[in-house]
Amino acid sequence: MSDVPVIDIRGVWTRFDGMVVHEDISLTVARGEMLGLVGGSGSGKTTLLREVVGLHKPTRGEVRLFGDPILDPDPDVRRQVRRRFGMLFQHGALFSALSVFDNIAFPLRELKRLDEALIRDLVWMKMAMVELSPYEGRLMPAELSGGMVKRVALARALALEPELLVLDEPTAGLDPDLSENFVELIRTLQRELDFTVIMVTHDLATLAGLATRVAALADRRVVAHGTLKEVMAVAHPFTRSFFAGLHHVAAPGQGG
Ligand SMILES: Nc1ncnc2c1ncn2[C@@H]1O[C@H](COP(=O)(O)OP(=O)(O)O)[C@@H](O)[C@H]1O
Ligand SMILES: [Mg+2]
């Protein structure tokens with residue numbers, strides 16, 4: 001069963017008030033892959049991620065995670081699937097009224113019945129993974145730098161030891177140094193924990209540093225799909241303009 005895709009997007013159509021955003025999108029992501037999703041602003045990248053995690057129902061078609069429909073009618077199946085992925089969305093990254101510790105503990109408290117001593121150990125372990133000290137658990141989101149917000153959100157996304165990580169513009173708003181650190185952190189964690197990633201990014205360095213495959217959304221469809229090199233070679237106006245600067249960026253997955 002290991003060749004069941006982690007993500008299976010099957011013939012998805014999305015329409016909002018008569019505006020068609022997706023027209024028959026099909027994509028699969030295999031275990032251990034890191035798929036980078038690119039597309040112009042408003043091309044439906046965030047919406048597709050929301051459909052992947054079951055926050056939005058496609059107008060037509062379906063998404064399966066680990067072989068099961070993410071919107072399975074059986075709430076037990078949905079709950080089981082929900083425990084197997086973590087997400088980091090660009091907006092509303094953290095609960096502003098909860099401390100760093102409580103933000104990371106949130107999914108553990110919500111989806112598992114664990115005693116507080118165990119939760120504390122698990123939260124501290126996740127904090128160490130993203131290079132935060134236990135002391136920083138007391139801080140409130142408003143007291144954090146942009147880079148720390150991202151690391152806390154990543155720790156929260158990893159709280160349930162997900163097999164799949166869903167990232168919407170994980171490095172947006174970070175300056176190049178912090179962005180590079182964050183990419184390196186995700187790459188190291190992925191090697192250690194062996195999760196699958198689907199990630200939207202506008203940032204060419206993030207894409208080059210992480211994505212094992214790339215899919216480009218344009219004209220409501222997937223217009224290119226393959227390795228970064230293959231997608232760069234596709235002569236669509238979107239890919240041409242998007243990748244115009246990438247020749248200067250290091251190749252993915254090399255060195256380190
Ligand atoms: N809940 C919604 N209701 C109506 N329109 C929406 C909704 N969510 C997204 N859209 C529209 O769908 C299009 C794609 O949005 P989005 O997925 O956020 O694009 P991207 O992330 O690629 O910039 C946009 O035109 C957006 O305004
Ligand atoms: Mg978006």
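Predicted model: local features only at pLDDT ≥ 70, side-chain atom pairs only at ≥ 80, totals over all residues.
View 1. Residues are numbered from 1 along each chain as its sequence is written, while chains are lettered from A and ligands numbered from 1 in the order in which they are written. Around ligand 1 you will find Phe16, Val21, Gly39, Ser41, Gly42, Ser43, Gly44, Lys45, Thr46 and Thr47; a residue is near a molecule if its C-beta atom, placed from the backbone, lies within 6 Å of it. Helix α1 (residues 45-52) supplies the largest share of this shell, 3 residues. Helices (H or I, at least four residues) and strands (E, at least two) are DSSP runs, numbered from the N terminus. Sorted by class, the shell holds 2 nonpolar, 7 polar and 1 charged residues. Here Ala, Val, Leu, Ile, Met, Phe, Trp, Tyr, Cys and Pro count as nonpolar, Asp, Glu, Lys and Arg as charged, and the others, Gly among them, as polar.

**View 2. Helix α3 meets helix α4.** The axes of α3 (residues 100-111) and α4 (residues 116-129) come within 9 Å and cross at roughly 120 degrees. That angle is why α3 counts as oblique to α4 (under 35 degrees is roughly parallel, over 145 roughly antiparallel, 65 to 115 roughly perpendicular and the rest oblique). Axes are lines fitted to C-alpha atoms, for helices over the stretch in contact, and angles run from 0 to 180 degrees between N-to-C directions. Phe101, Ile104, Ala105, Leu108 and Arg109 in α3 face Ile119, Leu122, Val123, Lys126 and Met127 in α4, with contact meaning C-beta atoms, placed from the backbone, within 7 Å. The residues of this contact comprise 8 nonpolar, no polar and 2 charged.

**View 3. An open sheet of 6 strands.** Follow the order β6-β7-β8-β3-β9-β10, where the pairing is mixed; two strands pair if DSSP finds at least two bridges between them. At the edges lie β6 (85-88) and β10 (221-226), each pairing on one side only. Neighbouring strands are turned by 15 degrees against each other on average, direction ignored. Helix α5 (residues 146-157) packs on the sheet and touches β6 and β7.

**View 4. Two strand pairs up close.** β7 (residues 164-168) and β8 (residues 196-200) pair in the parallel sense over 5 bridges, and leucine 167 stands opposite methionine 199 in β8. β9 (residues 213-218) and β10 pair in the antiparallel sense over 5 bridges. These two form a hairpin with 2 residues between them, and aspartate 219 in the turn has a positive phi of about 50 degrees.

Key. Contact = placed C-beta atoms within 7 Å.
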